[in-house]
Amino acid sequence: MARKRVLMLSKALVVGIYQRKLEAIAAHGDIDLLAVVPRSWRDERGELALERVYTSGYRLEVLPLRFNGNYHLHLYDGLGAVMRAFRPDVVHIDEEPYNAATWQALIHARRVGAKTLFFSWQNLLRRYPPPFGWGEQWTLRRVDYALFGTESARQVYAEKGYRGPSAVIPQFGTDAALFAPPDAPRPDGPFTIGYFGRLVAEKGLDDLLAACARLSGDWRLRLVGGGPLKATLEAQAAALGIAARVTFVGQVASTAMPDEYRRLDAFALPSRTRPNWKEQFGRVLVEAMASSVPVIGSDSGAIPGVIGDGGLVFPEGDVDALAAHLAALQASPEQRAALGARGRQRVLEHFTHERIAADTVEVYRSL
């Protein structure tokens with residue numbers, strides 16, 4: 001079988017642990033993979049420099065990025081030259097169809113005769129002003145395939161007029177060997193709850209603090225990540241009288257995250273839907289489940305479908321229900337162990353890098 005040359009464009013791949021999917025794709029003998037990434041990406045947490053972690057079996061090429069941190073307008077210097085040199089059969093644009101980087105990649109891909117696909121998490125029907133709405137429709141008419149992170153995202157683009165072939169495949173899987181339970185039981189200590197991610201209003205962290213304040217006994221809350229809400233959350237913790245039990249860790253390297261999960265007795269993602277956002281997946285849930293940490297998530301967006309029977313779900317914004325779930329897990333090591341085992345099994349069946357890579361390669365072959 002002739003090898004297919006695939007070029008993947010993705011700013012998300014600055015995160016080292018996500019590169020494991022590329023190794024899994026490249027392990028398929030008929031794929032010659034080139035990944036194009038920026039040197040760094042900026043968001044509300046700060047600037048994340050490229051982490052070179054999993055780089056075997058494929059090429060990783062770094063290009064300068066214009067308008068770094070501008071989600072809609074960032075562009076890659078030299079992308080056309082890279083495509084002309086590589087001559088891909090398939091260009092996998094790991095970006096939303098309304099982003100300038102998607103339009104740029106689609107133009108260059110058509111010039112070298114490559115098939116194209118984009119990826120979307122967009123699970124709300126939103127109409128964008130010019131030029132983004134125009135560019136989105138232009139992409140939908142010209143792309144050869146679409147990947148969606150959830151079925152709700154696919155339904156959004158059906159309503160927007162996309163009629164081409166598509167598949168529902170999460171953007172990245174999880175390394176179940178890296179995110180795994182500890183070799184030995186956690187030592188006795190405070191019941192430790194974790195949240196990892198952006199410190200922003202839509203993540204519902206004020207609800208999590210309020211729920212934790214209702215717990216009795218010895219407990220701790222560990223918040224890993226950065227964002228504009230940090231000072232507000234610190235003030236809330238102080239006002240609730242729980243500041244001594246809440247630790248703000250800040251941003252850590254992706255390769256350090258498995259050890260962070262192993263510190264926990266429970267993981268919470270209390271996201272709240274906003275007019276312009278609802279939870280698109282919740283990758284931290286999958287990483288926690290792979291680590292056999294019992295998870296609690298709100299019913300915002302895709303969270304219930306990700307958790308399945310591997311954790312607990314509560315109505316978003318319901319502090320009483322969240323506090324009740326936390327208290328139940330605090331009181332029952334047996335329930336924690338049962339949920340942790342179910343969560344890990346769910347990840348092994350649906351969310352590993354190998355599973356995501358195999359499904360993605362089948363799309364490449366279909367093109």
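Modeller: Please keep in mind that this is a predicted model. Seven of the eight residues of strand 2 (residues 31-38) are buried, so strand 2 is largely enclosed by the rest of the structure.

Colleague: How does the chain cross from strand 1 to strand 2?

Modeller: The chain passes through helix 1 (residues 20-26) on the way from strand 1 to strand 2, and this β-α-β crossover is right-handed.

Colleague: And how many bridges join strand 1 to strand 2?

Modeller: Strand 1 (residues 4-9) and strand 2 run parallel and are joined by six bridges. Among the residues involved, M8 has A35 in strand 2 as its bridge partner.

Colleague: What about strand 2 and strand 5, in which sense do they pair?

Modeller: Strand 5 (residues 59-63) pairs with strand 2 in the parallel sense, over five bridges. Here, R59 in strand 5 stands opposite L34.

Colleague: A change of topic: where is L65 placed?

Modeller: L65 lies in strand 6 (residues 65-66).

Colleague: Is L65 buried or exposed?

Modeller: L65 has a relative accessible area of 17%. Buried means under 20%, so L65 counts as buried.

Colleague: Which residues is L65 in contact with, leaving aside its neighbours within four places in sequence?

Modeller: With those neighbours set aside, L65 contacts P38, S40, W41, H74, L75 and Y76.

Colleague: And what separates the C-alpha atoms of L65 and R84?

Modeller: A distance of 19 Å separates these C-alpha atoms, and L65 and R84 are 19 residues apart along the chain.

Notes
Residues are numbered from 1 along each chain as its sequence is written. This is a predicted model: local features need pLDDT of at least 70, side-chain atom pairs count only at pLDDT 80 or more; totals for chains, interfaces and linings use all residues. Side-chain values use heavy atoms; hydrogens and water are left out. Helices (H or I, at least four residues) and strands (E, at least two) are DSSP runs, numbered from the N terminus. Buried means under 20% relative accessible area, exposed over 50%, partly exposed in between (1.4 Å probe, protein chains only). Contact means heavy atoms within 4.5 Å. Two strands pair if DSSP finds at least two bridges between them. A crossover is right-handed if, with the strands pointing away from the viewer, the path from the first strand over the helix to the second runs clockwise.
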